Amino acid sequence: LETNPDAFDFPGDGIDQDCDGVDSTETIYTIADMAAGDLFVSEVMVDPAAVSDADGEWIEVINGAGEIFNLNGLEIVLGSGNTHTVASDVYMLPEEVFLFAPTDDDSLNGGLLVDYAYGSLISLDNSGETITFRAGSITVDSFTYDSTNFTISAGVSIMMDGSVIDALSPVTDGESENDDSSNWCATDASLIYGSGDAGTPGDYN
């Protein structure tokens, strides 16, 4: 974490990241505290063109709860049956746009700054997929795309409309609003990142 007046002060680590003279005492929540909508899928790169699918796919989520979560134990489950469980302490900060991808090596993934790398088992089907985030028995979010109701193009992500996200009240409603394909669009082709694909990974739409 950075240390400057605008930095997030991570609680209880003995470091004053935001330079206000004290360490934060905010609560860090675990997946046992998660409810539906505490994170929700906001953008997906289904079919990268600049790099291989195996390295360049990604799933972006938004922290809808406004709390700090330790994601250790969170499950990513695909409709195909493949799963991955976060097996280390990984922190999602309040209101953070958090990026999951197969690898955090930016020389392979197309120039992404990845928050958590899930490895090779999570592989997105270009024709359609259901992506579910599960905290124990709780489905925090489940999002389904297909090639009929979404515009799936090589090298272009699909994103939830930023105006819809901005209007969410509470923000946790993103978990249901992202089920409506009319709230999604293909990313503007001018929004280039990294090696040349179009998307806004890790940024608000």
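Ala189 counts as exposed, because its relative accessibility is 57%, where exposed means over 50% relative accessible area, buried under 20% and partly exposed in between, computed with a 1.4 Å probe and protein chains only. This residue sits in the loop between β13 and β14 (192-193), with strands being DSSP runs of E of at least two residues and helices runs of H or I of at least four, numbered from the N terminus. Its C-alpha atom is separated by 6.9 Å from that of Val156, 33 residues apart along the chain.

Please keep in mind that this is a predicted model, in which local features need pLDDT of at least 70 and side-chain atom pairs count only at pLDDT 80 or more, while totals for chains, interfaces and linings use all residues. Residues are numbered from 1 along each chain as its sequence is written, and side-chain values use heavy atoms, with hydrogens and water left out.

Let me turn to the backbone. Most residues other than glycine have a negative phi, and most peptide bonds are trans. Glu95, however, has a positive phi near 60°; Glu95 lies in the loop between β7 (91-92) and β8 (97-101), and counts as exposed because its relative accessibility is 55%. The peptide bond from Ser169 to Pro170 is cis, with omega near 0°, and Pro170 belongs to the loop between α2 (162-166) and α3.

What about the cysteines? Cys19 is partly exposed at 45% relative accessibility, and Cys185 is partly exposed at 35%. How many disulfides does a search of the whole structure find? The search finds zero, a disulfide being a pair of cysteine sulfur atoms within 2.5 Å.
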